[in-house]
Amino acid sequence: MLGLAAYAMWGFFPAYYKLTDTVASDLVVAHRILWSVLFVGLFLYLRGRWAEVLGVFHQKKVVLGLTASASLIAVNWLVFVWAIANHQVLDVSLGYFINPLVSILVGLVVLHEKLSRGQAGAIALAALAVTLQAVLAGGLPWVSLALAFTFAGYGYVRKITPVKATPGLFVETLLLFPVALGYVLLCLAGGEDALVLNDLPVLAALAGTGIVTALPLICFSAAARRLPLFMLGLMQYIAPSLHFLMAVYVWGEPLDPTKLTTFAIIWGALAIFTYDSWRRYRRRIQAMP
């Protein structure tokens, strides 16, 4: 239930950020950082986990790792919010469908991991889908690729950085806090209503970004301690599936033949990847004493 709740909340993110699409994307991300620091910090304090946060700052390598992951997630957030405001939720969906395949590619390049036949086939199909999209649509699906690569890179950095999920998120947003605060103050100095005081419902939605950022992560962290990775891997398709359904049936984004073909090839690649993952998972289970 915790895992389903986490991925369902991530799946409905585009609907939430439609509430803030009257605000510039960079300001939305700045608010998300500021409010996340407040909410996540309060959550950790109430849970008596402040010592974990202080311990992070005594480890230089961990701080450096979180600085890198913070930079990647900031770019990811910015592209995500921009795409939603500009009615490109289908590209967001495609990006998160591609993400697990990009994660395999990162493992191949950075960790020199060996690919199984299924993984190699899935990556080849994904590359074919992106190439077809570029040729037939007249350009690379840059929103999808930016989301997939920044999130895969973020996942890799967090994997090799020894810090728990929620304290790690707090430190990441805390590292970004001066930049976000400085940007908001700069906008205010330029005469822009950066605090959105003239539209209280939108301000409430911006303040809520701290909660919607932290809550699914908290649920995911709890689920990850209780579920095998294979089951979590299957659940990761829930979010982009919800993105896809809302883009087509709620917001009426056009699903032209080229884009539909791209999705079909990616879905085929994911079917191969999922079957290969299930087969290797069963093999490991059977090999256990």
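This is a predicted model: local features need pLDDT of at least 70, side-chain atom pairs count only at pLDDT 80 or more; totals for chains, interfaces and linings use all residues.
A residue counts as buried under 20% relative accessible area, as exposed over 50%, and as partly exposed in between. Tyr45 has a relative accessibility of 58% and is therefore exposed.

Tyr45 sits in helix 3 and belongs to a nonpolar surface patch, together with Leu42, Leu46, Trp50 and Leu54. The patch covers about 560 Å². Two elements, helix 3 (25-46) and helix 4 (50-56), each give two or more residues to this patch. Helix 3 supplies the largest share, with three residues.

The surface also carries a patch of positive charge, made up of Arg47, Lys164, Arg225 and Arg226. Of these, Lys164 is found in the loop that runs between helix 8 (142-160) and helix 9 (165-189). Its relative accessibility of 54% lies over the 50% cut-off, so Lys164 counts as exposed.

Attention now turns to charges that are paired. The model contains four salt bridges. One of them joins the side chains of Arg49 and Glu52, with an N to O distance of 2.9 Å. Glu52 is partly exposed, because its relative accessible area of 30% falls between the two cut-offs. In another bridge, the side chains of Glu172 and Arg158 meet at 3.1 Å, N to O. This pair links distant parts of the chain, with Glu172 in helix 9 and Arg158 in helix 8, 14 residues apart. Both Glu172 and Arg158 are buried.

A further salt bridge brings together the side chains of Asp276 and Arg279, at an N to O distance of 3.2 Å. Both residues belong to helix 13 (residues 257-287), and because they are three residues apart there, about one helical turn separates them. The two partners have their own accessibility classes: Asp276 is buried, with a relative accessible area of 1%, whereas Arg279 is partly exposed at 36%.

A pair of aromatic rings is described by the distance of the centres and the angle of the planes. The count of aromatic pairs comes to 18. In one of them, the ring centres of Phe13 and Tyr17 are 5.9 Å apart and the planes stand at 75°, so the arrangement is edge-to-face. Phe13 and Tyr17 share helix 2 (residues 13-17), where they lie four residues apart, about one turn of the helix. Phe13 is buried, with a relative accessible area of 8%, and Tyr17 is likewise buried, with a relative accessibility of 2%. Tyr17 also pairs with Tyr16, and this pair is edge-to-face too, with 5.6 Å from centre to centre and 75° between the planes. At 19% relative accessible area, Tyr16 is under the 20% cut-off and therefore counts as buried. Phe13, Tyr16 and Tyr17 are members of a cluster linked by ring pairs, which also takes in Phe80, Tyr96, Phe151 and Tyr154.

His87 is not a glycine, yet it has a positive phi of about 60°. The residue lies in the loop between helix 5 (60-85) and helix 6 (89-110). With a relative accessibility of 52%, His87 counts as exposed. Val196, also not a glycine, has a positive phi of about 55°. The loop between helix 9 and helix 10 (200-224) is where Val196 is placed. In contrast to the exposed His87, Val196 is buried, with a relative accessible area of 8%.

Leu234 and Leu78 are 156 residues apart in sequence, and their C-alpha atoms are 26 Å apart. Leu234 belongs to helix 11 (residues 229-235). Its relative accessibility of 37% places Leu234 among the partly exposed residues.

How values were computed
Residues are numbered from 1 along each chain as its sequence is written. Side-chain values use heavy atoms; hydrogens and water are left out. Patches are made of residues with over 30% relative accessible area and no salt bridge: like charges are joined within 9 Å, nonpolar side chains (Val, Leu, Ile, Met, Phe, Trp, Tyr) within 5 Å. Accessible areas come from the Shrake-Rupley method with a 1.4 Å probe; for residues, only the protein chains shown count as cover. Lys and Arg count as positive and Asp and Glu as negative; His and the chain ends are not counted. The place of a charge is taken as NZ of Lys, CZ of Arg, CG of Asp or CD of Glu. Buried means under 20% relative accessible area, exposed over 50%, partly exposed in between (1.4 Å probe, protein chains only). Rings of Phe, Tyr and Trp (its six-membered ring) pair if their centres lie within 6.5 Å; planes under 30 degrees apart count as stacked, over 60 as edge-to-face and the rest as tilted.
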